Amino acid sequence: MIFDVAARSLASKQVLIPVSRLLGDCTGSRMPDVVAGLLTYDTASSAVAACPTSALRLEQHRGIRQLTLDYAECTGCGLCIAACSGAFRPATKNVPCGVSRSALIRHWDVDRGHQIYADESIAESAADEIHALFGRALNIRQVDAGSCNGCESEISALTNPYYDLERFGVHFVASPKHADMLLVTGPVTHNMANALRNTYEATPSPKLVVAVGTCGCTGGIFEGSYAVVGAVDAVIPVDAFIPGCPPTPAMLLTGILQALRTPDRKS
Ligand code: SF4
Ligand code: SF4
């Protein structure tokens with residue numbers, strides 16, 4: 001029987017997603033995108049009323065009525081999409097990943113129906129560019145600081161044959177002493193705060209810290225719990241943030257690359 005499986009495996013077509021299709025793709029993340037042309041004050045109000053987190057807000061700024069979407073707070077529950085389908089739809093591109101905390105926030109003018117600030121777009125790239133960015137290897141130490149393990153499932157998927165992160169020279173290592181980057185998930189629990197600080201201290205400089213998931217970015221649904229300190233940047237300095245609950249493997253890859261592209265953010 002094992003030979004049948006091996007024969008089928010060898011005969012099947014190779015399925016490896018080209019990197020150009022992965023970068024910037026957030027299909028399946030359940031994060032919302034706003035169709036600016038269909039946005040009105042009423043649809044924006046319905047979406048804000050439906051949102052169970054503080055991800056969506058309606059604000060008045062310099063006489064302009066603005067819809068603000070903070071991707072760091074978004075759990076991808078989809079309620080805004082259900083409340084006003086058309087103006088809100090599941091995002092397939094352009095959710096910011098691997099950027100600063102402030103770059104995760106977007107604004108739309110609800111009366112004129114356009115986005116106020118330009119997208120911080122993630123340009124499509126190729127394997128060559130990734131190799132150019134960090135040479136032959138990037139070593140990542142993943143730290144679970146209190147996650148539900150949803151983010152870990154997606155991080156593990158990065159190493160499967162479908163995404164095959166190792167083809168870019170990216171490796172997960174067991175010790176922070178061998179790491180160039182810390183990939184930190186979860187709201188940081190009180191029990192893990194010291195361990196996270198020690199891990200940060202043990203990682204040689206220069207190093208990058210990337211906070212992963214809604215919990216890593218803001219504390220997520222656990223924010224305010226007696227058991228958690230909060231977001232990762234409440235405990236150690238963070239260079240870049242990847243939103244999502246959980247982020248998809250493509251978002252993780254995009255975020256890691258985007259964090260590397262901004263060397264001035266290195267700790
Ligand atoms: S998906 Fe859910 S959490 Fe995110 S903005 Fe929409 S309603 Fe808010
Ligand atoms: S962001 Fe979502 S999937 Fe990740 S640890 Fe928090 S609750 Fe779990």
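Ala, Val, Leu, Ile, Met, Phe, Trp, Tyr, Cys and Pro count as nonpolar, Asp, Glu, Lys and Arg as charged, and the others, Gly among them, as polar. With these classes, the shell around ligand 1 has 9 nonpolar, 4 polar and no charged residues.

This is a predicted model, in which local features need pLDDT of at least 70 and side-chain atom pairs count only at pLDDT 80 or more, while totals for chains, interfaces and linings use all residues. Residues are numbered from 1 along each chain as its sequence is written, chains are lettered from A and ligands numbered from 1 in the order in which they are written, and side-chain values use heavy atoms, with hydrogens and water left out.

Start with the whole protein. It has 9 helices and 13 strands. Helices (H or I, at least four residues) and strands (E, at least two) are DSSP runs, numbered from the N terminus. Of the 267 residues, 49% are buried. Buried means under 20% relative accessible area, exposed over 50%, and partly exposed in between (1.4 Å probe, protein chains only). Now take the contacts, meaning heavy atoms within 4.5 Å. Among those with a separation of 6 or more, 81% join residues 24 or more positions apart.

A cavity is a set of points, on a 1 Å grid over the protein atoms alone, where a 1.4 Å probe fits but cannot get out. Grid points are joined across faces, edges and corners, and a volume is the space filled by probe spheres set on the points. The whole structure holds 2 cavities of 30 Å³ or more. The largest cavity contains about 90 Å³ of space. Its lining has 14 residues, and C51, A55, C74, C77 and C80 lie nearest its centre. Lining residues have an atom within 4 Å of a point. By class, this lining has 9 nonpolar, 4 polar and 1 charged.

What sits in the largest cavity? Ligand 1 does. A molecule sits in a cavity if more than half of its atoms lie within 2 Å of its grid points. Ligand 1 is surrounded by 13 residues, and the closest are C51, C74, C77, G78 and C80. A residue is near a molecule if one of its heavy atoms lies within 4 Å of it.

Move on to ligand 2. Its surroundings include S147, C148, G150 and C151. G213, T214 and C215 are also among them, as are G244, C245 and P246. Two or more residues of this shell come from each of α6 (150-157) and α8 (213-218). Which element gives the most? It is α8, with 3 residues. The shell around ligand 2 has 5 nonpolar, 5 polar and no charged residues.

Stay with α6. Its buried residues are C151, E152, I155 and A157. Their cover includes β7 (138-144), β8 (170-172), β9 (181-185), β11 (208-212), α8 and α9 (249-260).

Finally, check the backbone. C245 and P246 are joined by a cis peptide bond, with omega about -10°. P246 lies in the loop between β13 (240-242) and α9. Another cis peptide bond joins S205 and P206, with omega about -5°. P206 is in the loop between α7 (190-202) and β11.

N149 is not a glycine, yet has a positive phi of about 85°. It lies in the loop between β7 and α6. N149 is partly exposed, with a relative accessible area of 42%. R30 also has a positive phi, near 70°. R30 is in the loop between α2 (19-22) and β1 (32-34). R30 is partly exposed, at 41% relative accessible area.

Definitions and conventions: On a 1 Å grid over the protein atoms alone, a cavity is a set of points where a 1.4 Å probe fits but cannot get out, and a pocket is an open set with protein on both sides within 12 Å along at least five of seven lines; lining residues have an atom within 4 Å of a point.
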